[in-house]
Amino acid sequence: MKAAVIRFPGSNCDQDCYHVLKETYALDVEYVWHKEASVEQFDLIVLPGGFSYGDYLRCGAIARYSPVMRSVATEAERGKLVLGICNGFQILCEARLLPGALIRNNSLHFVCEHIHARLENMETPYTHTEVTKADGKLLTARTGLLLKLPIAHGEGNYRADDETLRDLNRNNQIILRYSDERGAISGEANPNGSAENIAGITNRAGNIFGLMPHPERACDPLLGSEDGKLIFQSVVETAMKKTKTAAPTTKRVT
Amino acid sequence: MKAKVTVMPKKSVLDPQGVAVRDAMRHHGLPGVGSVRIGKFMEIEIDGANEAQLHEICRDLLSNPVIEDYDLKVEA
């Protein structure tokens, strides 16, 4: 089982993603420069956050044309797991691998804070498992579970036409919604104005997941939250099952 | 030849920048401002391309049809 973290010029969360996959899950993980022609040998492909190409034109619009993206699209169509975080989510939308688009936050402010995201679908390759936290407490996937995750973006305002939003709802493709600490979905709990408080969606088949929050920055108690492990551990387990390797052993953080 | 491309947020898509600028104009003594919408204008010098190819690049790269409309004008 091999994982790739794609590096675009301007990616800046690549090391965080690599760290989690390598140190928390002891995976065989490689950086892949965006000019590489193929990601065929990988089972999990991560598009990290950052400011690819300086966000010129639109966020993700130019990265979408990087040579590696052709192979990412091919592998995604074949059912490989593709995870896009923040700028990675924007790139997946620009590449039309996920529906919709991300525009400027309503407030026009860059938002950098911890938010709560409510899990809306616990039957995806990214959100189905149970995680043991460092203090021994369990974090078990269930619809309505609140995840405390950091966000850091200026363009996270998810937009799609009414028909697309209807389809996303009908097919349970909305995976995370911004909520308050009690789980209520409200305008006040929405940090960027996104439609229906959407924080993360999958494609119809469920193998491509894009989200604005940063689970890779929430996998260690030192960072204030371990809730991101639910997403990483789920996808690692899914990938391992697909490649029939042994289940991951989470290294204990001491 | 020269191509001039205007990209505007779709009417149905909220334009947060436009709203902020509208409010600033009202504060600057123009209470009658109804709306402001902010887009992009690109001037492209190009040889060896036909209009169909330019429309294609407008759709695929220069604008995002999910949220934006474009207008292309080609000058000899």
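Q: In the hairpin of β12(A) and β13(A), which residue takes a positive phi near 90°?
A: Keep in mind that this is a predicted model. The hairpin leaves 5 residues between β12(A) and β13(A). The one there with a positive phi near 90° is A:Gly206.

Q: What is the bridge partner of A:Ile174 in β12(A)?
A: Strand β11 (residues 174-179) of chain A is joined to β12(A) by 3 bridges, and the pair runs antiparallel. In β12(A), A:Ile174 has as its partner A:Ile201.

Q: Why is strand β12 of chain A largely enclosed by the rest of the structure?
A: The strand spans residues 198-202. It counts as largely enclosed because the buried residues in it are 5 of the 5.

Q: How far does helix α5 of chain A reach from its first C-alpha to its last?
A: α5 runs over residues 228-243, which makes 16 residues. At 1.5 Å a residue you'd expect 22 Å, and the model comes close to that. The reach is 23 Å.

Q: Which elements of chain A do the buried residues of α5(A) pack against?
A: The buried set in α5(A) includes A:Leu230, A:Ile231, A:Phe232, A:Val235 and A:Val236. Just after the helix, by the way, A:Lys244 takes a positive phi of about 60°. The buried residues of α5(A) pack against α1, β3, β4, β7, β8 and β9 of chain A.

Q: Which strands stand at the edges of the open sheet in chain B?
A: The sheet has 3 strands in the order β2-β1-β3, with antiparallel pairing. Each edge strand has a single partner, so one side of it is left without a neighbour in the sheet. Those edge strands are β2 (40-45) and β3 (68-75) of chain B.

Q: What angle does the direction of helix α2 of chain B make with that of β3(B)?
A: Start with the sheet: β1 (residues 2-9) of chain B pairs with β3(B) over 8 bridges, and B:Lys4 stands opposite B:Lys73. Helix α2 (residues 51-62) packs on this sheet, touching β1, β2 and β3 of chain B. Its direction and that of β3(B) make an angle of about 150°.

Q: Which helix gives the largest share of the side of chain B that touches chain A?
A: The contact involves 8 residues of chain B and 12 residues of chain A. By class, chain B's side has 6 nonpolar, 2 polar and no charged residues. The largest share, 3 residues, comes from helix α1 (residues 16-27) of chain B.

Conventions:
Residues numbered from 1 in each chain as written. Chains lettered and ligands numbered in written order. Predicted model: local features only at pLDDT ≥ 70, side-chain atom pairs only at ≥ 80, totals over all residues. Contact = placed C-beta atoms within 7 Å. Helix = DSSP H or I, 4+ residues; strand = E, 2+ residues; numbered from the N terminus. Nonpolar A, V, L, I, M, F, W, Y, C, P; charged D, E, K, R; others polar. Pairing = 2+ DSSP bridges. Axes fitted to C-alpha atoms, helices over the stretch in contact; angles between N-to-C directions. Expected span 1.5 Å × (residues − 1). Buried ≥ 20, exposed ≤ 12 C-beta atoms within 10 Å, placed from the backbone.
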